[in-house]
Structures are given as structure tokens and as C-alpha cells.
Amino acid sequence: DTAAGRKDRLMYLMNAGQLLNRAGQTDEAIEVLQTSLREREAAYGPEHAGTAYGQQALAEVYMSAGRFAEGLDLSQRALQTFLHVGHHESPTALATTTALASAVGMRDDEVWQYVTDNSPSVAKPMIDAALVLAESMPDATGMNYLRQLAEWGCEILPPDSPQLMNVIALWSNIATDRGDHGQRQMAIGHAVDEAKKLGDPAVLVNVLEGRALMLSEIESKSEDVREAYQEALTQALDHDLDNDAAGVLRNWALYESEVGNVEQAVQRFSQAIEKAEASGDEETLGRTQIALGIFHQHHDFPDAAQPLLSEGIDKLDPMHPDVACAMLHQVALTENLNCPCHGGDGVATDALSQLAKRFFDRSGLEDIIESVSYGGDQDGEKGLKVQLSREPSEQEMQRLGIAHGVFQNLLASNDGRVRE
């Protein structure tokens, strides 16, 4: 029973408790970490960093268990100790404390008082720790915490701060993943406000275009989507940003196509090509030509589609995902098959398997592909099955990943309309 042995036991108990929590055995983790904290208090006293470690670990597990008030009490005590001794764990404890304070329903100013009372040298690393915590919190509490974190960050961080953009981006992404349209709109609203403060027209165009895409994805009113695209386009045109204007117009054209407004789609595509040519950017022009070629293909104008697809492919890096997408549509045209993103009655399974094999061959993978088929696995999950004839090289594996991803994404856009 040496001092070294007691220290090893304390470390073991903490590690065991954290591992149990990660494994989803929360009750067992709490029991182990409660034991760990009692022994740490006995060994170090109530205001030692070693005890604060135990308090912090147990507070985090309480948060996982939804026992926010108990966790906040422990986290506050740990934070006071870490700050008092200038410990490097202070930012993590600060993040845990603000997260738990938010979870128990404290007002925004009360939550962030913990941070504003401390120096920016603590606040900035605290944000990094807070982002990790926010992703693990339950939906409602996690989203509210991210909102508070973003709004507080907007007050103390400069608009060009990468951390601020990371907070807002994570807020938007988690809201998207969880289908919370209201929170997503709030996040993008903050992004627009911060981009306007920044004074960089290209950044503002990008954020405004993101808002338009968001509105189209959540099926907002058409006039709202068009107004958002127009604002992004006006910003690009006012600052002679031809490349950015081409991107906005391309996505606007795709939106008009999706809602069945073919005449408007043609007009926006024409403008997009004009701006892409003016920009002198080969990638932008190539992507726009491919998008227009696919548009023509979907509307049964194969003679117009083929040259645009070919020209677009020639302008892009062979590994660009748009090249794979264009090749897939070219194969469909050549073989007189529907592309997997084509609507109507869907694509027959046999034809889809044939299309996939031709596409992979065209993508430079003929030497490594033994067979390609579309069908269900033993669990009934349908998808593309690729049998390799040999071990692929690193470049072949990268190309295979891109091709497979493009095909699967287009299948998903077909809403599962695949006929047996």
C-alpha cells in the first residue's frame, strides 16, 4: 500500500469509469467514479487539482446521464480549483460548467458569466472543448448550448475568427443532421451577420448562397429561395466576382429545374455559363457545363447534353467528383439507359447493374472490377455490390471511392425508385 500504488489505483478508477461511460454503462461508470472521487478527496483534500480531476470526470458522466444539477455542482467546484492554481484543465472545466449551466436552464448571461470573468487565454481553448461537448449532448440541450456559444462568441471574438466560424458551422450542421430547421436558420442568420461585419464580399456571397441552398432544402416558399439567391447574386455582381456569380447562378438554375421551372432554369444556366467564361476559371466553367449537360439529358435533349458533358470533363481534374458524375451520364446516353437520378418509373435493376459496370469501366477501373451488381444484402438493404478482381492501387482505390460515392448519391436522389 505505497503512495505510488495508491496513485495508480486512483488513475485506474478514473480510466475505468470513463471507459464504462463510453461503453454506455453509465450507472456502473457513476459508481466507479464516485468511489474514485471519495478516495481522491481522502488522499488530496477538497481543493487539490487531483480532487478536481475526479470532480470533473464525474460531472461529465452526470451530464451523459442527464443529471445536470449534480454535474454542475461538481463542475463548479473543479473549475474553482483549476482556475485558482492556473491549471491547464481550466478551459475543459469551463466548457463543462457552461454546458451544464445551460442544461439546467440558467439564463444566457448567467451561463457566460463564467467565461467573461476569465481571460481570453482561457476562453479560446474553452471553445474548442465546448464544441466536442455540444455534439454529445441531447438534442434540445445541445442545440441550446451551441446557440449560446455562438451568440457569446459573436460578442467577444472578431468576425474573422476561425473559432467563431467553426461554432456557427457546427451549430448549422448539427441542426441539419437533426432536422431542426429553426435552429439551422438561426445559425445561418448569425453567419450572414458575421460575414457582413467581416467586409469580405466573397465570404458574404458564399454565406448568402448557403442560406439560399438551405431554404431550398427545407422547402421554403419559392419567393424566399429566389430572393436569397438574388441577394447572393447581387453581391457577387456588385463586386465583379464572376466566379462566385457563376456558382450562384448554377445552383439557382438547379433549383429552378427541381421545382419544374424549366424556362427560368435555362435562363440561369445561360447566365452561369457566361459568367464562368468571363471568370477564366476552368473548374467553374467545367462544372457549369456538366450541370447544364445533365439538365439537357434529364429533359430529353441528348444531342445538346453530350458535347457539354465532354467539354466539362476535359476541363476538370480526372479525380473531381463532377467528372465521375458526367461520365455516368455519358454512359447512360451511349447505352440508351436511364441515369440513376432520372425520375419517372425508376430504373430497372438489371439495367442499373449494367449501367454501373459500364460506368466503372469508363472511370478507368476495368482492370480491377470483376463484377458490379445492384441488389439487397442479407438484411434487405439495397445498394451497389462491387467485386474486385485484385488488390487496387492507392490511386485506383481513390478513384473507386469517388465513383462508388457518386453512383450511390444519385441513387439516393432517385428516392429508391428502382424496379425489380
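Start with Trp112: leaving aside residues up to four places away in sequence, its contacts are Thr98, Met126, Tyr145, Gln148, Leu149 and Trp152. Keep in mind as you click around that this is a predicted model. Trp112 belongs to the largest nonpolar core, a set of 81 residues, and is listed with Met126, Ile127, Tyr145, Leu146, Leu149 and Trp152 as touching the most other members. Which helix gives the most to this core? That would be α7, spanning residues 120–136, with nine residues. Apart from this core there's another one, made up of 34 residues, including Cys339, Leu365, Leu400 and Ala403.

Now turn to a pair of helices, α2 (residues 26–44) and α3 (residues 49–64). Their axes come within 8 Å and cross at roughly 165 degrees. Angles over 145 degrees count as roughly antiparallel, so that's the label for α2 and α3. The crossing itself is left-handed. On the α2 side, the residues that meet α3 are Thr26, Ala29, Ile30, Leu33, Gln34, Leu37, Arg40, Glu41 and Tyr44. Facing them from α3 are Gly50, Thr51, Tyr53, Gly54, Gln55, Ala57, Leu58, Val61 and Tyr62. Sort the residues of this contact by type and you get ten nonpolar, six polar and two charged.

Last stop: Asn251, which sits in helix α13, residues 242–258. Is Asn251 buried or exposed? Its relative accessibility is 18%, and the cut-off for buried is under 20%, so Asn251 counts as buried. As for its neighbours, Asn251 touches Glu209, Leu213 and Tyr229, again not counting residues up to four places away in sequence.

Technical notes
Residues are numbered from 1 along each chain as its sequence is written. This is a predicted model: local features need pLDDT of at least 70, side-chain atom pairs count only at pLDDT 80 or more; totals for chains, interfaces and linings use all residues. Side-chain values use heavy atoms; hydrogens and water are left out. Axes are lines fitted to C-alpha atoms, for helices over the stretch in contact, and angles run from 0 to 180 degrees between N-to-C directions. Helices (H or I, at least four residues) and strands (E, at least two) are DSSP runs, numbered from the N terminus. Angles under 35 degrees count as roughly parallel, over 145 as roughly antiparallel, 65 to 115 as roughly perpendicular and the rest as oblique. A crossing is left-handed if the near helix is turned anticlockwise from the far one by less than a right angle, and right-handed if clockwise. Contact means heavy atoms within 4.5 Å. Ala, Val, Leu, Ile, Met, Phe, Trp, Tyr, Cys and Pro count as nonpolar, Asp, Glu, Lys and Arg as charged, and the others, Gly among them, as polar. A nonpolar core is a set of buried Ala, Val, Leu, Ile, Met, Phe, Trp, Tyr and Cys residues joined through side-chain atoms within 4.5 Å. Buried means under 20% relative accessible area, exposed over 50%, partly exposed in between (1.4 Å probe, protein chains only).
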